Amino acid sequence: MSSDYLYFILTETPERPRHISPGRICFISGFNFRSKLRDSPTKLPVVFMDTRTSLSYEIEMSCMTELSADEAELLQALSGDAERLRWFRDEAALHTAVGLTVGSPVTVEEGAQLLRGIIRYIGRLTRPNYPEPITGRFFGIELQGDDKGKGNTDGTLNYETFFTCKKDCGIFVPFSRVRPVVPISPSPPAQPEREELLPGDRVTYFIKNYYRLGMVVDVKEKGGEQLVRISTDTDENGKTGGEVEISIQCVVKGEVPTEADSTDVNTSPLEPNAGDLGLSVNSMVELALASGNSYGIIRWIGMLPGRQETMAGLELEDEKGVSDGTFKNERFFECPPKRALFVKLSSCRPDSRFQYLSASHSEMMSKHEDPEGDSGHSAVTLDAFPPVSTEQIQVLVGRMKGIQGHCNSCYMDAALFSLFSCSSALDSMLFKTTEPQDAPIQHTLLHDIVNPLRSKGFVEARHIMKLRQQLQNHGYSRSFTTDEKDPEEFLIVIMHHILALEPLLKLSAGGKVQESYCYQIFLDQNHSLVLPTVQQLLEHSFHSAGLKLAEVPSCLMLQMPRFGKKFKMFDKIIPSLELDITDLLSEGPQQCMLCGNLAQEECTDCFKDTAFSQTGFKIFCKTCSAQVHAHPQRRFHQPAPLDIPAGYLSRGSPHTLTRDKLELFAVLCIETSHYVSFIKYGPNSQDWLFFDSMADRQGEIDGFNIPEVHTCPEVGMYLEMSPAELANQVPRDMKGVAKRLFCDAYMYLYQSSSMCLYR
C-alpha cells in the first residue's frame, strides 16, 4: 500500500496550517501527484501524518523535501517533529539505517549505556492508523554477552511476538539509537531465524519427497549439524509409530496435511456447503490439535492429489499455522503469516463458542429470525425497527445485551452500538441504493445487526464476524476478521467505499470546500486549555487550521486530541451535551456577541482575548467592532467581513436569528486498547448507558464473551459540577464508570435533529 504514495518531510513552516511544525511527514497518492505535475505546480495537496484525518493542505513545494518509503518509515518511528528533522539532516545515519539487516551486530543506546546486540527484527510495531499508509519502522534487538538482561522484552510487545529471546534480553528502538558494529556490506540480508523446536512440539517433516507428521522427542547437534529426533505418526512404510532422526532443515513446526509428490495441486474450490455439517467457505470452525482446540475460518475447500478426503484451508485466530495461505509454493488464499493451516474438512466442527445459548433462549431468538433463502438474503420484506426510545430503554439493559464481542471486534461493536442503538442519524446508509456487489453488506448491517439490536437488544458475535468477513472479502484489509482496528477506519470503509454515502462533513478553508466523514481535533502548541469542553476543543482546532463549516452536518464525528491510543493530551475532557456551531459556519447570519444585533465582522486576533470570554470566535456588528478595536491593545487587529446572505442586510430590524446546535448522542472511549461506548439516550443529565461488548467471559480459550449494557446515572452528577470541582476529582475515585467518559474519550458523536431528516 505504501508504494502507491510519495512522501515528504516538512523542512520549513508553511503559510497554512501554522500549527504543523517542520519535521512532520506528509504524503500524497501517486495518482494525485502525477495529475498535479501536468500544471507545473508550486504547491501540492498533501495529508499530514499523526493528524488521523484525510484532510489535505496545499503546501509550498519549497517547504518540503521528498523521502523514500524506507526513509519515511524510519523517521516516522521518532517521537517528535524536531527530533525527526534533526535526524533527517544526518544523511549518513539515515543512509546507514536503510542498509541495516536482520542478523547485523549493532550497539544500542540505552540511557547512558551502549549495549551490544544483534538485530532480530526490522519493521512496524503497530499497524498504520487510517488513512495513513505507513507507520514507524523499529529495530528489535537481542542483547548479547554481559548486556543480556538489560533489556525490557522477550521479543513480545502488546501481546504480539516479533522475535523470540530470553526475558529482558530484547529491546525495541528507532534507528536513531542503533549503530552497526561493522560497516554495512552489500551482502544479502541474513535469513530470519528458524522458529525454535522443543520436545513435545507437533511438527511436519519432509522425507523421501513426502511430508509426514510427528512429535519432537529431542533436538541435538551432531557433526556441526542440528538433528531432530521425531516420534512419527506413521513411518515411511505407512506403519504406525516409530522414530526418525533427520536434519532440522527438513522440519517445520506445526501440522500440515501429508501430500503426494506432485506439486500439481488442484486449487479449484468446491461448491459451497461441502461436508455433512453444512460447512462452507467462510464458516467459523474449531478443530482439535495436540496443543488443544484451535479456532478459525474456512478460506478454501478442495482436493489434493493422492488424498481421497476433502481438504480445508483455514485461517486461524492464533499463530498456530504454518504459512500465509500458501501450500508447497501454491497460493490458495491470503492471510497473515503463521495463520494458515490445511486439514481434512471432516476434522472441522462448527465453532462451539457460539452454540452456548440455552434451548429456551435459542427458541426465543429463532422466533425473531427472518427465514433466509439460498441467496443468503431475507425472503421477506426488510422492515426497519426504529431506534430504542427513552421509554423502551430497558430492552437494551442487562447482561448478554448489546453486541457480543469476539476476536478483537470491540472497535466495531462500540461503533455500531453507538450509531444505531438510540439514534437514526445514519439510518440513510441502511436504505440507500447500492451496487449489487455491495448489497449483501448493507443487508447484513440492517437485517443481522441493526434490527436485532433495536428489537431484541442483542446481536450475536457471529453476525459481526459475518460483516467482518464480507469487508475482508471485498479486499479493503486482509485482517478485518482478526486484528483490532480504529472505529473511524471501519466507518469510512462502510460509508465511503461500500455504501458511497455522501461525506458527512464539508469544511471551508481558504475559499475551498473539503469533504470528510470525521474530524480529528488538533491544537497549536500555544493553547491555554487545561480542562477543556468539547466545544472549546472544536473552536480552537478550527481557529488553528483556519477552517469553517460549509454547512450544518447531519452527523459530526469528532476524534479527540491524543497521540495513538495511549497518550492523551488532556487528563479530562468535559462533554458538551450541545455544540453551538453558529459561529463556525462560513455562511449565514450571526449575532454580535456584545449587543446581539446582526454581526458583520469577525476578528481572529481576538480569539484568545479573555476580556469577552475565555475563548471562542469573536464576531461583532460594525459599531461594536469599532469600539472594541479602538483599544490600544487591539488597534493592530484585522477584522474580516462575514459572508452574509444577499438581501439580509436590507431587511428591517430587529433580526431574529436562530442558533445552529448539534446534540450529543454517543461517545466512544478507549482504555488499554479496548473500546467501549456511552449513549446519551434521554433529555435528562442522568440518561446515560454504558456498553462493553466484552464485559465478562465464560470459559477460557474455548469460551465466549458476555456483553453488558447498564445505566450510569452517576455521569450526570459530574456534568453538573463546576470546572473547578471536576478538576479536583481523582479519576480512580470517580463513581461507577464516569472516569472512563471524562478521561478516556476517543470519539464524540453529534447529530442535527433537523438535518437528519434530509440526509
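**View A. Leu558 and its neighbours in the predicted model.** Leaving out residues up to four places away in sequence, Leu558 touches Tyr519, Ile521, Val534, Leu538, Leu579, Tyr746, Met747, Tyr748 and Tyr750. The model shown here and in the other views is predicted.

**View B. The largest nonpolar core, with 66 residues.** Here we step back from Leu558 to its surroundings. Tyr519, Leu558, Phe678 and Tyr748 are the residues with the most contacts inside this core. Helix α10, residues 534-545, supplies five residues, the largest share of the core. In soluble globular proteins, nonpolar side chains tend to be buried together.

**View C. A second, separate core of 56 residues.** Among its members, look for Ile441, Ile464, Met495 and Leu499.

**View D. Asn705, a buried residue in a strand.** Asn705 sits in strand β42, which spans residues 704-711. Its relative accessible area is 10%, so Asn705 counts as buried. A polar atom of the Asn705 side chain lies 3.0 Å from the backbone oxygen of Gly405. Setting aside neighbours within four places in sequence, Asn705 is in contact with Met400, Gln404, Gly405, His406, Ser693, Met694, Asp696 and Arg697.

View E. Cys603 is in no disulfide, and its nearest cysteine sulfur, that of Cys606, is 3.5 Å away; the cut-off for a disulfide is 2.5 Å. Cys603 is buried, at 1% relative accessibility. For Cys712, the closest cysteine sulfur is that of Cys669, and at 9.9 Å it is too far for a bond. Cys712 is buried too, with a relative accessible area of 0%.

Conventions. Residues are numbered from 1 along each chain as its sequence is written. This is a predicted model: local features need pLDDT of at least 70, side-chain atom pairs count only at pLDDT 80 or more; totals for chains, interfaces and linings use all residues. Side-chain values use heavy atoms; hydrogens and water are left out. A nonpolar core is a set of buried Ala, Val, Leu, Ile, Met, Phe, Trp, Tyr and Cys residues joined through side-chain atoms within 4.5 Å. Buried means under 20% relative accessible area, exposed over 50%, partly exposed in between (1.4 Å probe, protein chains only). Helices (H or I, at least four residues) and strands (E, at least two) are DSSP runs, numbered from the N terminus. Contact means heavy atoms within 4.5 Å. A polar contact is a pair of N or O atoms within 3.5 Å; within protein, one must be able to donate a hydrogen and the other to accept it, and residues adjacent in sequence count only if both atoms are side-chain atoms.
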